[in-house]
Amino acid sequence: MKIGVIGVGNIGTIIADAFSDGKHDLVLVNRRTAKLRKFEGKALIFSKIEEMPDVDVLFFCVKPQDAPNALKRIKKSKDMITISTVTGLNISTMKAHLNGEVVRIMPNIPISIGKGVVGIAYSEGFTDEKKQMVRSLLSGFGVLVDIDEKDFAAVTALSGSGPAFIFVIIEALVDAGMKLGLSYDTSMELVVETIKGSAELLQREGKHPGEFRHLVTSPGGTTIEGIYSLEREGLRGILMKMIFDTYKKAIELQGDSREN
Ligand SMILES: NC(=O)c1ccc[n+]([C@@H]2O[C@H](COP(=O)([O-])OP(=O)(O)OC[C@H]3O[C@@H](n4cnc5c(N)ncnc54)[C@H](OP(=O)(O)O)[C@@H]3O)[C@@H](O)[C@H]2O)c1
C-alpha cells in the first residue's frame, strides 16, 4: 500500500516511523526537509505538497493553523483515504477539499511505543471493509476507540493532551520525593510504578476508583491526611478546570481551522 504523510513533526514522525518498515511505499512531505533526513532511502521525500505522487492512504498531520492552506494544496482524489490528526479540523471541511473518504483521529504521544489511545471518527458512507482496513493500519499504535465527531474536543482534552498533564503530575510527585530526601531515580521509579500499577489494577478489576481509594484509606491514618489536604486545596476542581479549559481551546481551534 502507498502511504503518505503530510507534516512530519512530532506525530507525523511517529506515523512515518511505523510505516518505514519496508512493507509499504512511503511518501513524506514536510516544509523543512531537515526533518525528513532520517527517512532518506526509506521513503520518497518532498518539501511541497504539490510535488507529492498519488497515495492510497494519506496521513495529514500539520498544526491547525497550517491546515487550511495545506488542505487547498492536496490533489483531490476519490480513491485516496485521508486520515487527519489535526486538532479541530472537521470531517466536513476535509471532505469539501479532498473529495475522497476521510478519517479523523485523535492520537496521543504514547502511540510511539504502541501504548497510545486513538479516538476515531469516519466520514459518512465509510464501509465496514474500509473501516477494518483503517483499524488494521492503526492497530500498532495502541487502543482504538470509536468516537462521535461531536466529542472530538472532549477527547482532545482528555487523551490527546492528557499525557502532557500526566507528565506535569509525575514531575511534581518526583520533586516532592526529592524534597523528602529521595534520589531522583528512586523517586521517579516509585512514582511511575505507582501510577502504572494503580491504572492497571483499576483496569483489570473494572471498579470505580473511589472503591480502591476507600480500601487504602484507614481511619486516622496517613492516607486520609493526604486526601484531606488535596480536597482542601481543591485538586479535583483544578484538574476538572484544566480539562475544561483545554476543551474550550479545542472548540476555539475548530473555528480557526475552517476554510478562511
Ligand atoms: N503532539 C501531540 O501529542 C498531538 C496529539 C494529538 C493530535 N495532535 C495534532 O496533530 C497535528 C500535528 O501535531 P505535531 O505536534 O506533530 O505538530 P508539529 O510537530 O508542529 O508538526 C507539524 C509539521 O507540519 C509541517 N507543515 C506545516 N505546514 C506544512 C505544509 N504546508 N507543507 C508541508 N509540511 C507542513 C511542519 O513543518 P515545519 O516545521 O518544517 O514548518 C511540521 O513539521 C496537530 O494538528 C496537533 O494538534 C498532536
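Modeller: A residue is near a molecule if its C-beta atom, placed from the backbone, lies within 6 Å of it. This is a predicted model, in which local features need pLDDT of at least 70 and side-chain atom pairs count only at pLDDT 80 or more, whereas totals for chains, interfaces and linings use all residues. Residues are numbered from 1 along each chain as its sequence is written.

Colleague: How many residues surround the ligand?

Modeller: Among the closest are Gly-7, Gly-9, Asn-10, Arg-32 and Thr-87. The number of residues that surround the ligand is 28.

Colleague: Which helix gives the largest share of the shell around the ligand?

Modeller: Helices here are DSSP runs of H or I with at least four residues, numbered from the N terminus. The largest share, three residues, comes from H1.

Colleague: How do the axes of H6 and H7 lie to each other, roughly parallel, roughly antiparallel, roughly perpendicular or oblique?

Modeller: The axes of helix H6 (residues 162-179) and helix H7 (residues 184-205), being lines fitted to C-alpha atoms over the stretch in contact, come within 8 Å and cross at roughly 135°. On a scale of 0 to 180 degrees between N-to-C directions, angles under 35 count as roughly parallel, over 145 as roughly antiparallel, 65 to 115 as roughly perpendicular and the rest as oblique. H6 and H7 are therefore oblique.

Colleague: How far apart do the C-alpha centres of domain 1 and domain 2 lie?

Modeller: By an automatic or database domain assignment, the protein is divided into domain 1 (2-149) and domain 2 (162-251). The distance between their C-alpha centres is 34 Å.

Key: Helix = DSSP H or I, 4+ residues; strand = E, 2+ residues; numbered from the N terminus.
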